[in-house]
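Please examine the arrangement of strands and helices in the model shown here.

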There are 2 protein chains.
Amino acid sequence: MAPKKVLAPDTINGNIKKMVYAVRGELYIRASELQKQGKKIIFTNVGNPHALGQKPLTFSRQVIALCQAPFLMDDPNADIFFPADAIARAKQYLSYTSGGLGAYSDSRGLPGIRKDVADFLMRRDGYPSDPELIFLTDGASKGVAQLLNLLIRDEKDGVLCPIPQYPLYSATIQLVGGTLVPYYLSEEAGWGLDVQDLKRQVVEARMKGITVRGLVFINPGNPTGQCLSEANLRELIQFCHEEHIVMLADEVYQLNIYQDERPFVSAKKVMMDMGPPYSREVELVSFHTVSKGFWGECGQRGAYLELTNIHPKTVDELYKVASIALSPNVPGQIFVGLMVNPPKPGEISYPRYSEESKAILESLRRRARIMTDGFNSCRNITCNFTEGAMYSFPKIKLPQAAIAAAKQTGKAPDVFYCLKLLEATGISTVPGSGFGQKEGTFHLRTTILPSEDQMPEVMRLFKNFNDNFMSQYEGPSGALSKL
Amino acid sequence: MAPKKVLAPDTINGNIKKMVYAVRGELYIRASELQKQGKKIIFTNVGNPHALGQKPLTFSRQVIALCQAPFLMDDPNADIFFPADAIARAKQYLSYTSGGLGAYSDSRGLPGIRKDVADFLMRRDGYPSDPELIFLTDGASKGVAQLLNLLIRDEKDGVLCPIPQYPLYSATIQLVGGTLVPYYLSEEAGWGLDVQDLKRQVVEARMKGITVRGLVFINPGNPTGQCLSEANLRELIQFCHEEHIVMLADEVYQLNIYQDERPFVSAKKVMMDMGPPYSREVELVSFHTVSKGFWGECGQRGAYLELTNIHPKTVDELYKVASIALSPNVPGQIFVGLMVNPPKPGEISYPRYSEESKAILESLRRRARIMTDGFNSCRNITCNFTEGAMYSFPKIKLPQAAIAAAKQTGKAPDVFYCLKLLEATGISTVPGSGFGQKEGTFHLRTTILPSEDQMPEVMRLFKNFNDNFMSQYEGPSGALSKL
């Protein structure tokens, strides 16, 4: 008999074993199997716009192609393919590097791009931003992981996370051995953030011996799609100041806004507007990325974080952590540069850039509406409007018979529902339990990313499945479950 | 007075605080400052070929440019810029993706590229390789970090690392809270690996209550530049089998070989050649990257790891860890594909590819020689020949007066020497203490990457500085220090 493995599943790092990451969990794995078997799968489990047909912005791809292959610019025919402003931009970015995209950059990213990010933040918020406090990262997930690793010392350190939450947070907190302290978003109040609940959770955590050191909030919300009001952000900042808590502002969906009542406002701007002591004392880390917005350049893994009111020596420690991986990928850094400094009115590429990005955002706005309306037309489903981000998070009132059937198969009821949906329609979603939900309620998360012409068919397939599912488990005119 | 920070330097994660990463440590930071002040710096602290003038391979950049900007291929003039095989290759890679380079891939990387890697490994080693056991990562550092995180449960888990070692290992083991168990390479035996010493270290570690679970070896060596013989690898594999230890094979320099006596041979091939029980039982993880070799595409962050004899459920756990960061950057994956499947004889781009890559490798071979000879011509310096990898690791016999002077400034003697070297010449190296060295010996690591025409001047500057330094601290004809 072969000896037992050193890396046997029961002898690996226990934090990894306990970790759960539903976005690429059971549903995703089953969907991938079905795809291999030839079934057409609509992957709405992850915000991956290009995988569902969204086209990249032409200007950005022209510039990155030139940065990767600078010899194209030396050719006298370069202007057949490339507008002059793309060539100028590529030259600018190459001048930021020492040796082009094949050379490691500084571990925090290219100084030139960090300066461009700081200028963008100054324009966006009206307050100065310091390039030395901006770190470029391989996707925002990487930055979040580094920050949580810095913040969490052991299982007695707690981080407040919204429920429902994007499971990057729960998984990473588990991975680095901390404790997630949940606070509940209010579905009835459009997934609003209730500071009273936050306070209760902190008191409760402290009674258990947990030191609450961080608070994650996601604005616009993932998976919940709400946009926080300025008033709500002010309360949050006051709360973190009073309670001595570092704020982690996941603002990766700041360009994805589908209503006009509550435009995006950054936590940094609100905090600066509030003045001292908040503007000088609240420790804030904000995240943004090229994976979302109308860029949707997920595969490039470009992102940044900005540090505000963080101790300078702690900034050095973060630099040290970043330096072990040598440097974030340089092409992704170029995309960050492009995102924070797109073509401007008057430039050659502006009309095309403007047209392409507007078309994407307007279509997303229409799709948010089609999807929410679609869900609300389904039996036993209610759904808040997707105000921002890329997701819809409908509540599904499951009949008791369905819950019992799920139990028989050993699955959580929402997992059972989502698996049935997948097998019947090819629509790959993520069960609400992967994000957290109030006990006894069931949800699923789907992106609003299927292409606009595909969307009516997706919603028809969904409704068909759902209404049949409900008929099967409570009869054609059965009473709703009590939830 | 402002309240104490939550993220104060003394209240962050203690493992991060304790971590040291010299490659981008004090010397690098000082060099960056001097550069800002306008001093010309020769960065030889990190193996970053393009930063020192190495040109990228044309074919790879043509292909990646087309993958980033597929619309270039639609143009009837595409063949002005791009050879037909680059276009074909770009189409092949795009067919591996679902939505181009802007879409997340599977968290292990694109299945098509993983298949290409497996085919390459089959050709290289003569043994089958399973794409499901190949993970693409954002640089090899990322894969190493994931593996160590999986392996290490607490400070009682030990990992054997060579001394001198590449500090990625010491830093990551510290970061995830394990214990580094050192084994010493023998400078006198050309930095060979002494299995007797390994055994002693394991016994000693066990006496301290450490469970030795992993062994890192770097072949060709970093910072030491040696190539391991097949016999040496066989001993190592037997040792790991006997002692029940997972092997981490850092083989990122497998293309960088500057002598003909010991061509690179992979740990996997040796293990498979040995047959059972080794071939079926020794748990092995091997790493390779596009950052090194003649590619030198560091900034692209492309790499892979291959798992051999790892428990299938543990493979799933690694998949879960990878999935939190969603996917490695996709352009970097394309570079991995190009590295494992470069143009072949008979293809349009082969002559150019062959010429470019040969020129780089042959020049590196000459530079290895120039550098080693240069060091050996310096007063109080001896240096083993750089058989492979990208580094030279000369031993510097420091005069007692220099050691005393270093002490007065509060610096380690080798740090003192390297700082003086930097200030005098602009040559930025890494002190041997950053890698570990036998007590009382002093070294520095420099890459062999300054361009060939720059190299004589770099060595002249170095010799000049060194010989003056020695004169200053031991007089023009002073006796050598006793070491």
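Strand β6 (residues 246-250) of chain A and strand β7 (residues 284-289) of chain A run parallel and are joined by four bridges. Within this pairing, M247(A) has L284(A) in β7(A) as its bridge partner. Strands are said to pair if DSSP finds at least two bridges between them. The elements themselves are DSSP runs numbered from the N terminus, with helices being H or I of at least four residues and strands E of at least two. The model is predicted, so that local features need pLDDT of at least 70 and side-chain atom pairs count only at pLDDT 80 or more, while totals for chains, interfaces and linings use all residues; side-chain values use heavy atoms, leaving out hydrogens and water. Residues are numbered from 1 along each chain as its sequence is written, and chains are lettered from A and ligands numbered from 1 in the order in which they are written.

Both strands belong to an open sheet of seven strands in chain A, ordered β2-β8-β7-β6-β5-β3-β4, with mixed pairing. At its edges stand β2 (134-137) and β4 (179-184) of chain A, each of which pairs on one side only. On average, and with direction ignored, neighbouring strands of this sheet are turned by 20 degrees against each other. Angles here run from 0 to 180 degrees between N-to-C directions, the axes being lines fitted to C-alpha atoms, for helices over the stretch in contact.

Two helices of chain A may be considered against this sheet. Helix α12 (residues 267-274) of chain A packs on the sheet and touches β5 (211-218), β6, β7 and β8 (303-308) of chain A, its direction making about 20 degrees with that of β8(A). Helix α15 (residues 330-340) of chain A lies across β2, β7 and β8 of chain A and runs at about 70 degrees to β8(A). Contact means heavy atoms within 4.5 Å.

Helices also pack against one another. Two packed helices are described by the angle between their axes and the distance between the axes. For helix α2 (residues 26-36) of chain A and helix α18 (residues 413-425) of chain A, the axes come within 10 Å and cross at roughly 15 degrees. α2(A) is therefore roughly parallel to α18(A), a label for angles under 35 degrees, whereas those over 145 count as roughly antiparallel, 65 to 115 as roughly perpendicular and the rest as oblique. In this contact, E26(A), L27(A), R30(A), A31(A) and L34(A) of α2(A) meet V415(A), C418(A), L419(A), L422(A) and E423(A) of α18(A). By class, the residues of this contact are seven nonpolar, no polar and three charged. Ala, Val, Leu, Ile, Met, Phe, Trp, Tyr, Cys and Pro count as nonpolar, Asp, Glu, Lys and Arg as charged, and the others, Gly among them, as polar.

How is chain A related to chain B? A rotation of 180 degrees with 0.0 Å of shift along its axis superposes chain A on chain B, with an RMSD of 0.0 Å. The two copies are thus related as by a two-fold rotation axis. In chain A, the C-alpha nearest the axis belongs to A65(A), 2.1 Å from it. The superposition is by least squares on the C-alpha atoms of residues with pLDDT of at least 70 in both copies. The same surface serves both copies, since 100% of the contact residues of chain A recur in chain B.
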